[in-house]
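User: I have a chain open on my screen and would like to talk it through with you. Could you go over it with me, topic by topic?

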Amino acid sequence: MSKTKPVELSERDVAILNYRKAQKEYYSALERLNWVDGDMFDIANEEVSVALMKFNVEAKKVKAICGGLPDSAEGNVPCQK
């Protein structure tokens, strides 16, 4: 039986993963808002607001660590630091 060594992610990698996750959550919240019934609109709207705030925080972290955001076409992040 082979032993596997856990992969250690760098701070940059973790920041990018969290950014991508927050991006997906934001887009999902927007999609749910498009289909929500009138009774649940306020809740769905707040979910969008929260998801957008999280997305913005994660974007700021990536910018601080890498000096830029991932290229949407290729997923590359220019890391200047």
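User: Let's start with the rings: which residues do ring pairs link into a cluster?

Analyst: Bearing in mind that this is a predicted model, the cluster held together by ring pairs consists of Tyr19, Tyr26, Tyr27 and Phe55. Searching the whole structure gives three aromatic pairs, and one of them joins Tyr26 to Tyr27, with the ring centres 5.7 Å apart and 45 degrees between the planes, which is a tilted arrangement.

User: Stepping back, how many helices and strands does the protein chain have?

Analyst: There are two helices and zero strands in the protein chain. Helix H1 covers 11-35, and helix H2 takes in residues 41-66.

User: What sits in the largest nonpolar core, and which residues have the most contacts there?

Analyst: That core has 13 residues, and those with the most contacts inside it are Tyr19, Tyr26, Val48, Phe55 and Val62. H1 and H2 each contribute at least two residues to this core, with the largest share, seven residues, coming from H2. Tyr19, Tyr26 and Phe55 are also members of the ring cluster.

User: How far apart are the C-alpha atoms of Leu52 and Tyr26?

Analyst: Their C-alpha atoms are separated by 5.8 Å, although the two residues are 26 apart along the chain. Leu52 belongs to helix H2 and counts as partly exposed, at 32% relative accessibility. For the protein chain as a whole, among contacts between residues at least 6 apart in sequence, 45% join residues at least 24 apart.

User: Changing topic to charges, how many salt bridges does the structure hold?

Analyst: It holds four. Among them, Lys54 and Glu58 form a salt bridge with the closest N and O atoms 2.9 Å apart, and Glu58 also meets Lys61, at 3.6 Å from N to O, so that Lys54, Glu58 and Lys61 are linked in a network of salt bridges.

User: Is Glu58 itself buried or exposed?

Analyst: Glu58 counts as buried, at 1% relative accessibility, whereas Lys54 is partly exposed at 41% and Lys61 is partly exposed at 40%.

User: Which residue does Arg12 bridge to?

Analyst: Arg12 pairs with Asp13, the closest N and O atoms being 3.8 Å apart. Arg12 is partly exposed, at 28% relative accessible area, and Asp13 is partly exposed as well, at 29%.

User: Last one, the surface: which residues form a nonpolar patch?

Analyst: Val7, Leu9, Val14 and Leu17 form one, with about 380 Å² of accessible area together. Leu9 lies in the segment before helix H1 and is partly exposed, with a relative accessible area of 48%. Overall, the protein chain exposes about 6,400 Å², of which carbon and sulfur atoms supply 54%, and 23% of its 81 residues count as buried.

Technical notes: Residues are numbered from 1 along each chain as its sequence is written. This is a predicted model: local features need pLDDT of at least 70, side-chain atom pairs count only at pLDDT 80 or more; totals for chains, interfaces and linings use all residues. Side-chain values use heavy atoms; hydrogens and water are left out. Rings of Phe, Tyr and Trp (its six-membered ring) pair if their centres lie within 6.5 Å; planes under 30 degrees apart count as stacked, over 60 as edge-to-face and the rest as tilted. Patches are made of residues with over 30% relative accessible area and no salt bridge: like charges are joined within 9 Å, nonpolar side chains (Val, Leu, Ile, Met, Phe, Trp, Tyr) within 5 Å. Accessible areas come from the Shrake-Rupley method with a 1.4 Å probe; for residues, only the protein chains shown count as cover. A salt bridge is a side-chain nitrogen of Lys or Arg within 4 Å of a carboxyl oxygen of Asp or Glu. Helices (H or I, at least four residues) and strands (E, at least two) are DSSP runs, numbered from the N terminus. Buried means under 20% relative accessible area, exposed over 50%, partly exposed in between (1.4 Å probe, protein chains only). A nonpolar core is a set of buried Ala, Val, Leu, Ile, Met, Phe, Trp, Tyr and Cys residues joined through side-chain atoms within 4.5 Å. Contact means heavy atoms within 4.5 Å.
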